[in-house]
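Please read the briefing below alongside the sequence and the coordinates shown here.

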Amino acid sequence: MAHETPPHWDRSMRQRLRRGEAAALAELYDRFASLAYGTARRVLDDEADTGEVTREVFSLIWQSPHDFDPDKGPMRSWIAAAAHRLAVDRLRRRPGPSGASPAEQAELVRAASTAARADYIVTAMPAPLRDALELTRFQRQDCRQMAERLGISEAEARRRLRLGLQLLSSAARYSPDAGRPAEPGREHA
Amino acid sequence: MSAPLDDRDHQDLMSLLGAWALAACTPKEAERVEAHLGECGRCAEEALGLRDAATLLEPQRSLDLDPGLRTAVLADCLARRPARQPLPSWAAPFDAEAARLDALLNDMAEDEWRTPVSLRWFADDQWSWRRTTVAGVVDHLLAGDGPLARAVGLRDPAGTDPAGGPPGHLPDAGDGARGERCPAWQPWRDRTRSLVRKAGELGGRTGERTLPRAAFGDPGRFPGDGDRVPLSDAYLDRAFACWVHAGDIAEAVEYPYAPPHGPHLRLLVDLNARRLPGSIAGRRRAGLAVSPARLTTAGTPGRTLHLEVEGTGGGHWYIPLDSPVAGVSRTQARDAVAHVALDDVVFCQLAAGRTSPEDAASGVEGDPAVIHDVLSAAAALSRP
């Protein structure tokens, strides 16, 4: 599901949100609610909290559409990053398991954040890589079977698995705090 | 690093690291890789990183978002920053129902698109059927939205025409797959979006704007008998069709499908209650009525039936029985010749031809012939 919205769509959506078009808000929700919800749920593993984060994400962009800058990346990444950041914030505020040291608590947060980022990377990677990973990981196909199923050479099958995992391994390096706005975004009239 | 292997071997083993991390190479290959990892620090480091990455892979779960969350999130946003171009209340059910059906279609497996569906309606006091598939129902909805779309000045949807979409058109999730599964799916979704957007642009209170009745080619579809039809009713009519057919699809593929949000359901119940007098008169003209006619002269009060609809979409309606245009006073309401009580969803199912007059009412009181006529007239509101 690598559905990045083209820049012209992102720009026109931002414009419509800025104009205060309720129909644009509904359209935005329909397109990105499952992305925001899925990201937050992977971090929080709780329906009520996940719903709250989803609400916060849409409220952010609806209230200050200019916080999203199409020159810095697609709206899809913006929504995913916002959901991720808000979910991690919420997880940090949650009381940890009794007896957990601050370091253990920080590790829990880090693991949840990495898992959520990994999900995002999988949905955003090119479909051929994702299909290769899924066939081997979940359908337990070995390289040869997978190559046959996809009609590619075994060398290509290996290449896709390695490249896919390389992309995925960047999840551990992702920081939810990067790109955090220093102050609430200012709306340019 | 000591490198007893030549570069070709190293490259070859390195290319296997992804497959090794996923346990997808042959035992022989795995053995070679592991021997190499003991000797090559660079590959060992990458191999460990890839194996950690492999543990992060999780099957993609279907999310199945609660439609209530959509309502809550949008309401919360609009409370924090009121829309400068709000969505009129009469377009809200169409917006919500189209989004719900789209989510249902997104969740369906490829073969489910070919599941048979039979569409049923009640005309001339007889049941008719049309057999189609899930994909056929979406096609039917697309066609059904056509007259309204044209009446409000929208072009025919893209998707059928690969040359171009409406401005800002964007393929949805898995758009390519959408077209393969059902050619009508994306054009239907695009058109529902355009219609919602158009409603926001046009705005107006309920009943404020009108369209020519002739634009719909089915005069009995809307309440009253004037030359013009309220735009608000035209949108409610399409919301109703969308929900009813989404229900058909959900039933065919055995997915649960809840009724619309309470306030939306009430608008749909109200639309059908207002359509009833015209349908009663139509059956009488066609000689199908079993209760004797009573001609009313101007100024004489006609008889009424008290329709009590229960549930979050419910309320009380007083249906004039003798003339579709007769107003109903409070006194007449008190003197209703019959009383029918039924559930909000059941009333809608009756009006959609999804349940029969015999099974619909949960409580009746009064003239049985009148009750029979009114329930049959409700069923006769159904359309192919």
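## Briefing on the two chains

Of the 384 residues in chain B, buried residues make up 41%, where a residue is buried if 20 or more other C-beta atoms lie within 10 Å of its own, exposed if 12 or fewer, and partly exposed in between, with C-beta atoms placed from the backbone. This is a predicted model, in which local features need pLDDT of at least 70 and side-chain atom pairs count only at pLDDT 80 or more, while totals for chains, interfaces and linings use all residues. Residues are numbered from 1 along each chain as its sequence is written, and chains are lettered from A and ligands numbered from 1 in the order in which they are written.

**Chain B as a whole**

- The secondary structure of chain B comes to 15 helices and 8 strands, these being DSSP runs numbered from the N terminus (helices are H or I with at least four residues, strands are E with at least two).
- Among the contacts in chain B between residues at least 6 apart in sequence, 69% join residues at least 24 apart, a contact being a pair of residues whose C-beta atoms, placed from the backbone, lie within 7 Å.

**Domains**

- Chain B is divided into domain 1 (7-55), domain 2 (86-252) and domain 3 (269-379), with bounds that come from an automatic or database domain assignment.
- Between domain 1 of chain B and domain 2 of chain B, the C-alpha centres lie 54 Å apart.
- For chain A the assignment gives domain 1 (7-115) and domain 2 (126-172), and the C-alpha centres of these two domains of chain A lie 29 Å apart.

**The contact of chain A with chain B**

- Chain B gives 47 residues to the contact and chain A gives 49 residues.
- On the side of chain B that touches chain A, the elements giving two or more residues are α2 (17-21), α4 (41-55), α5 (67-80), α6 (92-106) and α9 (185-202) of chain B, and the largest share, 9 residues, comes from α5(B).
- The residues on this side of chain B divide into 28 nonpolar, 8 polar and 11 charged, where Ala, Val, Leu, Ile, Met, Phe, Trp, Tyr, Cys and Pro count as nonpolar, Asp, Glu, Lys and Arg as charged, and the others, Gly among them, as polar.

**Helix packing in chain A**

- Helix α1 (residues 7-18) of chain A and helix α2 (residues 22-44) of chain A have axes that come within 8 Å and cross at roughly 135 degrees; axes are lines fitted to C-alpha atoms, for helices over the stretch in contact, and angles run from 0 to 180 degrees between N-to-C directions.
- α1(A) and α2(A) are therefore oblique to each other, given that angles under 35 degrees count as roughly parallel, over 145 as roughly antiparallel, 65 to 115 as roughly perpendicular and the rest as oblique.
- α1(A) passes α2(A) in a left-handed crossing, a crossing being left-handed if the near helix is turned anticlockwise from the far one by less than a right angle, and right-handed if clockwise.
- In this pair, M13(A), R16(A) and L17(A) of α1(A) meet A24(A), L25(A) and L28(A) of α2(A), and the residues of the contact divide into 5 nonpolar, no polar and 1 charged.
- α2(A) also packs with helix α5 (residues 102-124) of chain A, at an angle of about 150 degrees and with the axes 8 Å apart, which makes α2(A) roughly antiparallel to α5(A).
- The crossing of α2(A) and α5(A) is right-handed.
- From α2(A), G38(A), T39(A), R42(A) and V43(A) meet A112(A), S113(A), A115(A), A116(A), D119(A) and Y120(A) in α5(A), a contact whose residues divide into 5 nonpolar, 3 polar and 2 charged.

**Two buried residues**

- V57(A), in helix α3 (residues 47-63) of chain A, is buried, with 29 other C-beta atoms within 10 Å.
- Leaving aside neighbours within four places in sequence, V57(A) is in contact with A36(A), I79(A), A82(A), A83(A) and L86(A); the C-alpha atoms of V57(A) and L86(A), which are 29 residues apart along the chain, are separated by 7.7 Å.
- A135(B) lies in helix α7 (residues 134-151) of chain B and counts as buried because it has 20 C-beta neighbours inside 10 Å.
- Not counting residues up to four places away in sequence, A135(B) touches W113(B), R114(B), C182(B) and A184(B).

**Two exposed residues with positive phi**

- R140(A), in the loop between α6 (127-138) and α7 (143-150) of chain A, has phi near 55 degrees, a positive value in a residue other than glycine, and R140(A) counts as exposed with 11 C-beta neighbours inside 10 Å.
- D124(B), in the loop between β1 (116-123) and β2 (126-133) of chain B, has phi near 50 degrees, a positive value in a residue other than glycine, and D124(B) counts as exposed with 9 C-beta neighbours inside 10 Å.
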